[in-house]
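The sequence and structure are shown first, and a description follows.

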Amino acid sequence: YWPIQLDFRQLNAAAGPKSDLAAYYHAWAAHPEEFDPSPMIGLEVGDEWKWISPLFRWDSFWYLSISEVGYVLNRDPGGTSILDDAKKRSNAPVAREDRREQNLVFFPVFPLMIRILGYIGIPAVLAALLISNVATLLTSCVLYEFVRRMYNEQVARWTTWAWLLYPASFFGTVAYSDSLMALAVVGAMWYVQRQRYIVTGLIVGLTSAMRPPGILLGAVLIDGWIRRRWLSATIGMALSGMGLVT
């Protein structure tokens with residue numbers, strides 16, 4: 001599967017260039033009628049980064065667009081999607097709703113980290129992969145030690161292998177925020193086990209600005225109430241939603 005890449009430009013002729021994402025995204029925001037409702041379809045990283053282009057697809061470009069140009073609200077959500085056009089050709093009913101996608105739905109921690117690394121001279125494409133893969137490596141290390149302390153080395157070893165060989169773990173190597181989310185989950189469990197509920201609350205608060213399910217991680221702080229660590233657990237709970245403010 002790896003070397004086979006369907007060029008979606010045959011479905012979306014206005015999919016734009018293979019590089020210079022900022023210029024392309026600004027053009028899409030300014031002239032929505034010229035682009036398909038899913039503007040990132042068919043995009044590829046080009047030039048010297050062509051060799052890692054399989055690691056950048058779909059949502060990867062949304063994160064990169066935020067890191068480069070920030071959040072942009074397209075106030076003209078008209079148009080129809082490729083799916084709508086296919087339904088029209090087959091005489092199937094088409095729902096009358098706005099389908100144009102926005103980068104506003106993507107949470108800020110991952111693109112913010114990409115931008116921060118950009119300030120020290122690391123290209124956005126490389127920064128995105130660096131963040132994802134380092135986070136996956138750290139997750140594996142923390143998970144191993146977490147399970148080893150609870151059980152033994154054999155259980156920890158098998159747990160870590162299961163985490164790394166699980167098919168969806170592939171997303172821990174691409175330009176997605178999944179690896180950061182995984183690191184936050186394991187980190188929160190690590191500090192809950194040590195009854196460090198305020199630190200856990202800070203981690204959960206950061207996680208709630210990574211992905212939509214992040215706020216649900218705050219449920220681990222119930223452990224503090226069960227142990228009657230009322231003050232620290234309550235402070236942790238209060239901190240757990242701070243990411244939503246962003």
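## A residue of helix H10

Ile235 lies in helix H10, where helices (H or I, at least four residues) are DSSP runs numbered from the N terminus. With a relative accessible area of 34%, Ile235 is partly exposed, a class between buried (under 20% relative accessible area) and exposed (over 50%), using a 1.4 Å probe and protein chains only.

## Basis of the model

This is a predicted model, in which local features need pLDDT of at least 70, side-chain atom pairs count only at pLDDT 80 or more, and totals for chains, interfaces and linings use all residues. Residues are numbered from 1 along each chain as its sequence is written, and side-chain values use heavy atoms, with hydrogens and water left out.

## The chain as a whole

The chain has ten helices and zero strands; a strand would be a DSSP run of E with at least two residues. Of its 246 residues, 42% count as buried.

Contacts (heavy atoms within 4.5 Å) between residues at least 6 apart in sequence join residues at least 24 apart in 68% of cases.

## Met189 in helix H7

Met189 belongs to helix H7, which covers residues 178-193. Its relative accessibility is 32%, so Met189 counts as partly exposed.

Leaving aside residues up to four places away in sequence, Met189 touches Phe146 and Val220. Between Met189 and Leu217 there are 9.3 Å from C-alpha to C-alpha, and the two are 28 residues apart in sequence.
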